[in-house]
Amino acid sequence: HEMTHVLQHCVNVQRGTHRDTPIIQDTNELAELVNTHVSSDTVDFIKAVYPREKWLGEFEANYVENTFTAEQLVGLFYEFECQHLFR
């Protein structure tokens with residue numbers, strides 16, 4: 001989950017977009033993935049606890065947490081060239 005936030009930060013720095021912007025910018029695609037891979041209880045929790053502007057990033061982080069392995073996330077870290085931000 002937290003690695004997704006690292007990846008989001010990295011991608012948003014490179015894009016010049018707001019830090020709460022999810023990596024998947026197509027909200028319909030993101031919604032479909034979240035509805036498939038994240039429980040409705042988790043979605044409800046995010047909506048109850050986080051301000052609206054953080055929902056998409058949290059939805060994405062929970063989707064990634066449920067579907068990606070640690071190895072895949074490390075691969076994305078290097079694919080997105082995030083290592084250059086953390087020197």
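Which hand does the link of C10 and C82 have, left-handed or right-handed? I began my notebook with this question, and I record at the outset that the model is a predicted one.

**Entry 1. The disulfide**

I looked up the angle about the S-S bond and found -105°, so the link of C10 and C82 is left-handed. I then looked up the atoms themselves: the disulfide joins C10 to C82, with an S to S distance of 2.3 Å. A pair of cysteine sulfur atoms has to lie within 2.5 Å to be called a disulfide, and the count by this rule comes to one.

I next asked which parts of the chain the pair ties together. C10 lies in helix 1, residues 2-15, while C82 lies in the segment after helix 5, which covers 70-79; the pair therefore ties together parts that are 72 residues apart in sequence. I also checked accessibility, and both C10 and C82 are buried.

**Entry 2. Helix 1 and two of its residues**

I checked the length of helix 1 against expectation. I listed its buried residues as T4, L7, Q8, C10, V11 and N12. Helix 4 and helix 5 are included in what covers them.

I took T4 as one case. T4 lies in helix 1, and its relative accessible area is 1%; since buried means under 20%, T4 is buried. I set aside the neighbours within four places in sequence and found T4 in contact with E60, A61 and V64.

I took N12 as a second case in helix 1. N12 has 2% relative accessibility and so counts as buried. With neighbours within four places in sequence left aside, the contacts of N12 are T17, H18, R19, D20 and T21. I also looked up the separation of N12 from Q83: the two are 71 residues apart along the chain, and their C-alpha atoms are separated by 14 Å.

Just after helix 1, I noted that G16 takes a positive phi of about 80°.

**Entry 3. Helix 4**

What does helix 4 pack against? I first recorded its extent: helix 4 comprises residues 55-67, 13 residues, and reaches 18 Å from its first C-alpha to its last, close to the 18 Å expected at 1.5 Å a residue. I then wrote down its buried residues, which are W55, G57, E58, F59, E60, A61, N62, Y63 and V64. These buried residues pack against helix 1, helix 2 (27-37), helix 3 (40-49) and helix 5.

**Entry 4. Helix 4 with helix 1**

I looked up how these two helices cross. The axes of helix 1 and helix 4 come within 8 Å and cross at roughly 125°. On the side of helix 1, I found T4, H5 and Q8, which meet G57, E58, E60, A61 and V64 in helix 4.

**Entry 5. Helix 4 with helix 2**

At what angle do helix 2 and helix 4 pack? I found an angle of about 50°, with the axes 9 Å apart. That makes helix 2 oblique to helix 4. The crossing of helix 2 past helix 4 is left-handed. I listed the residues that meet: T27, L30, L33, V34 and H37 in helix 2, and L56, F59, E60, Y63, N66 and T67 in helix 4.

**Entry 6. The segment after helix 5**

I returned to the segment that holds C82 and looked up two further residues there. E81 lies in the segment after helix 5. I noted that E81 has a positive phi of about 60° although it is not a glycine. The relative accessible area of E81 is 46%, and E81 is partly exposed.

F86 is also found in the segment after helix 5. Is F86 buried or partly exposed? With a relative accessible area of 46%, which falls between the limits of 20% and 50%, F86 is partly exposed. Not counting residues up to four places away in sequence, F86 touches V6, H9 and F77. Finally, I compared the positions of F86 and G57: these residues are 29 apart along the chain, and their C-alpha atoms are separated by 21 Å.

Technical notes:
Residues are numbered from 1 along each chain as its sequence is written. This is a predicted model: local features need pLDDT of at least 70, side-chain atom pairs count only at pLDDT 80 or more; totals for chains, interfaces and linings use all residues. Side-chain values use heavy atoms; hydrogens and water are left out. Helices (H or I, at least four residues) and strands (E, at least two) are DSSP runs, numbered from the N terminus. Buried means under 20% relative accessible area, exposed over 50%, partly exposed in between (1.4 Å probe, protein chains only). Contact means heavy atoms within 4.5 Å. The expected span of a helix is 1.5 Å times one less than its number of residues. Axes are lines fitted to C-alpha atoms, for helices over the stretch in contact, and angles run from 0 to 180 degrees between N-to-C directions. Angles under 35 degrees count as roughly parallel, over 145 as roughly antiparallel, 65 to 115 as roughly perpendicular and the rest as oblique. A crossing is left-handed if the near helix is turned anticlockwise from the far one by less than a right angle, and right-handed if clockwise.
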